[in-house]
Each structure stands twice: as C-alpha cells, then as structure tokens.
Amino acid sequence: MKKLITIVCAFAVTLTVNAQDNTPKSGDWSVGTNAGPVLEYVGNLISGVATSPAVAFGENAAHADHMNISGKYFTDDMTAWRGSLDLYFTSDEDAESSYSFGVTAGKEFRKGTSNLQGYYGYMGNVNMHDHDDETEVEFGAHGFVGVEYFVRPKMGIGAEYRHGLNYGDSNVSLGGSMGNLMLNLYF
C-alpha cells in the first residue's frame, strides 16, 4: 500500500509541475465516484501486475455490487451544491441487506486558491435498506470536512470525514465515518 501511495503521489507531482490553476470555477459541474479501483489499477499498471478493474465498485466487490456517484454545481468559485446516489446489491445469503439505496444533498464551502483546496459543509441523507425482508428507512444530518487535490485541469482526487446524527429503526445515533477516496471530473 505504501508503494501504491508513493507512486500515485509521484505521478500527481509530475503532472502538476507548473503553477497552473486547475480548480473549478463558478458554473462548473462535477461528476465523481470512488477512486479506489482506479488508483489500484494505475498502481498495478505501473508495477507491471495490472489486471482489468472489476465492474463492481466498492470494498466488497466479491459479494456485492456497490456504486456511488456524486455530483456538484459551483454557484461561485468557492461554493457548491452537492448530491450523491449510493446503490448496493448483494447475492450473499449471509448479508443483512440484499439492497441499500441512499440519496444525499448538501452545500460545500471551499478554502484555498491553489491546486490543493480544503472544504467543509453540511448535508442530509435518506437511506432505504432491505433487512430480513422488511424495508427500513433512515434519515441523517451530517457535517463534513475534506481536501481535494487537482492533478490536472478539471480533475481532482479528494477525501473527506463526515460526522452527524442518524435516525432509523426507532434509534438515534451519533457518529462519524471516513468517506471514500473520490475521483471528481469537472466540466
């Protein structure tokens, strides 16, 4: 893993030797997804052991198909509305859920004018899960903080941490999670 991170960082530095501003501007849109499979493929390609990436997106690709797609719209150079769809299907009989569907919406505020930008904001979410043949609905409100590095014009890699409240199945919980490493394309 250290080798993969070193290779990706070296690749990113090589691509951004000049001081060009690659950050999004007012009116830009973005589409993003989990960057893990892409970065693993590129790292393996560089080391000479690459195999084609799996069709499934997510950490448990052997037992499930998991896909996350996010989008943003920049109302000015430092503010964006954002949303995402999270879909999860499994055929594993030991799994608690056979499907999960989530939708998030929120607002993002950015700091920094270089290719490395920090951001923070808030979002709400609604999730539906099939659990023991019953559909459960969860609601949440979260704050988030993250960082995004623009490796090329209109291409950024970022990660974020989320923390907030969730309500579902007559329970309220407070907790946080590290979000996925994301690959965002801007146009």
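Lys154 is partly exposed, with a relative accessible area of 34%. Partly exposed lies between buried (under 20% relative accessible area) and exposed (over 50%), using a 1.4 Å probe and protein chains only. This is a predicted model: local features need pLDDT of at least 70, side-chain atom pairs count only at pLDDT 80 or more, and totals for chains, interfaces and linings use all residues. Residues are numbered from 1 along each chain as its sequence is written, and side-chain values use heavy atoms, with hydrogens and water left out.

**Loop residues.** Lys154 sits in the loop between E6 and E7. Ser170 sits in the loop between E7 and E8. Strands (E, at least two residues) are DSSP runs, numbered from the N terminus. Neither residue is a glycine, and phi is positive in each.

| Residue | Phi | Relative accessible area |
|---|---|---|
| Lys154 | near 65 degrees | 34% |
| Ser170 | about 60 degrees | 64% |

Ser170 counts as exposed.

**Nonpolar patch.** Leu85, Phe101, Val103, Val126, Met128, Val137, Phe139, Leu165, Tyr167, Val172 and Leu174 make a nonpolar surface patch of about 950 Å². Two or more residues come from each of strands E4 (97-111), E5 (116-131), E6 (134-152), E7 (155-168) and E8 (171-178). Patch residues have over 30% relative accessible area and no salt bridge, and nonpolar side chains are joined within 5 Å. A salt bridge is a side-chain nitrogen of Lys or Arg within 4 Å of a carboxyl oxygen of Asp or Glu. Areas come from the Shrake-Rupley method with a 1.4 Å probe.

Val126 belongs to strand E5. Val126 is partly exposed, at 35% relative accessible area.

Methods: Patches are made of residues with over 30% relative accessible area and no salt bridge: like charges are joined within 9 Å, nonpolar side chains (Val, Leu, Ile, Met, Phe, Trp, Tyr) within 5 Å. Helices (H or I, at least four residues) and strands (E, at least two) are DSSP runs, numbered from the N terminus.
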